[in-house]
Amino acid sequence: MAPDEVCLRIRANLERIEGRILRACDRAGRARGEVTLVGVTKTRSPAEVEAAYACGLRHLGENRVEELEARRSAPGPWLAQEPPTWHMIGHIQSRKAARAVAVSDRIHSVDSLRLAQRLDRAAAEAGRVLPVLLEINVSGEASKYGFDASTPAAEDALLAEAAQLEGFAHLEVQGLMTMAPVVAEPEQARPVFARLRLLRERLRRELPFSTWRELSMGMTDDFEVAIQEGATLVRIGRAIFAPQIHE
Ligand SMILES: *Cc1c(COP(=O)(O)O)cnc(C)c1O
């Protein structure tokens, strides 16, 4: 596809998404500024990523360390301008912790205490404090990464582990992330989002070392419901980059 067509498609998609985010915020009585759109660039061509940047998208996300390394070292319009903020949103093997720290502005996918420990150490060596979110497996699906929160006992264990994060001086714990199960209707994802919000309320009460401000939830198929349930970061790939609009 010619670059112009790529640009036009992505511009039109972003305009529609922006309208949908605005309407979802309105319906929920929230300000548009409370929600950050993270464009998920995985599997997209450099031309597509550059087009999204040219349309004003400044928060970009990848789900693999190698991809984030490649994106950051690739030439692009951002070299001469304000660089995008890069979000790491996928599972990180502990042995890649230092590499993840080197290329991530924020990590949404801290899914174990062991990984948190490795990231803290790597951030200390890099002389940084790394903004992170804890990935929560709300539904307890075996195929999903994240701290298990699917039963009251699991949630108590999660609280005990999360308490230990206070000791990690080089991590700034900002909140929670989850992936909703694949469902036929967006409404079916609502209970998962609502439970992440309730978990945040509990963390705020019991572990006030963080504000637990951020809720990273909502993707192409369910971001409006996630915004109604309090999402502060929505991670959207297909609706931005796919040729046909998902609506
Ligand atoms: C791919 C991906 C997304 C975006 O999914 P879409 O359905 O394309 O919007 C969001 N979060 C994570 C963790 C992903 O891997």
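Reader: Which side chain does arginine 202 meet in a salt bridge, and how far is it from N to O?

Author: The side chain of arginine 202 meets that of glutamate 206, at 2.9 Å from N to O; a salt bridge here is a side-chain nitrogen of Lys or Arg within 4 Å of a carboxyl oxygen of Asp or Glu. Please keep in mind that this is a predicted model, in which local features need pLDDT of at least 70 and side-chain atom pairs count only at pLDDT 80 or more, while totals for chains, interfaces and linings use all residues. Residues are numbered from 1 along each chain as its sequence is written, and side-chain values use heavy atoms, with hydrogens and water left out.

Reader: Where do arginine 202 and glutamate 206 sit relative to each other?

Author: Both are in helix H7, and because they are four residues apart there, about one helical turn separates them. Helices (H or I, at least four residues) and strands (E, at least two) are DSSP runs, numbered from the N terminus.

Reader: Is arginine 202 buried or exposed?

Author: Arginine 202 counts as buried, at 17% relative accessibility, whereas glutamate 206 is partly exposed with a relative accessible area of 42%. Buried means under 20% relative accessible area, exposed means over 50%, and partly exposed lies in between (1.4 Å probe, protein chains only).

Reader: What span should H7 have, going by its residues?

Author: The 17 residues of H7 (residues 190–206) should span 24 Å at 1.5 Å a residue, and the end C-alpha atoms are 24 Å apart, so the two agree. The expected span is 1.5 Å times one less than the number of residues in the helix.

Reader: Which residues of H7 are buried, and what covers them?

Author: The buried residues of H7 are Arg190, Val192, Phe193, Ala194, Leu196, Leu199, Arg200, Arg202 and Leu203. Their cover includes strand S5, helix H6 (152–164), strand S7 (171–177), strand S8 (214–216) and helix H8 (223–228).

Reader: Which residues does threonine 178 touch?

Author: Not counting residues up to four places away in sequence, threonine 178 touches Ile136, Val138, Val192, Phe193, Leu196, Ser216, Met217 and Arg235, where contact means heavy atoms within 4.5 Å. Threonine 178 is found in the loop between S7 and H7, and it is buried, with a relative accessible area of 1%.

Reader: Back to charges: how many salt bridges does the structure hold?

Author: The structure holds 23 salt bridges. One of them joins the side chains of lysine 96 and glutamate 66, at 2.6 Å from N to O. That pair links distant parts of the chain, 30 residues apart, with lysine 96 in the loop between strand S3 (85–88) and helix H4 (97–103) and glutamate 66 in helix H3 (residues 65–73). Lysine 96 counts as buried at 12% relative accessibility, while glutamate 66 is partly exposed at 25%.

Reader: Which residues are linked with Lys96 in a network of salt bridges?

Author: Arg64, Glu66 and Glu67 are linked with Lys96 in that network.

Reader: What about aspartate 221, with which residue does it form a salt bridge?

Author: Aspartate 221 pairs with arginine 238, their closest N and O atoms being 3.0 Å apart. Aspartate 221 lies in the loop between S8 and H8 and arginine 238 in helix H9 (residues 238–241), so the pair ties together parts that are 17 residues apart in sequence. Aspartate 221 is partly exposed, at 46% relative accessible area, and arginine 238 also counts as partly exposed, at 34%.

Reader: Changing topic, how much space lies in the largest pocket, and which residues lie nearest its centre?

Author: About 410 Å³ of space lies in the largest pocket, and of its 21 lining residues, Lys42, Asn63, Ile89, Met179 and Met219 lie nearest the centre. On a 1 Å grid over the protein atoms alone, where a 1.4 Å probe is used, a pocket is an open set of points with protein on both sides within 12 Å along at least five of seven lines, and lining residues have an atom within 4 Å of a point. Grid points are joined across faces, edges and corners, and the volume is the space filled by probe spheres set on the points.

Reader: Which elements give two or more residues to that lining?

Author: Those elements are strand S5 (130–137) and strand S9 (233–236).
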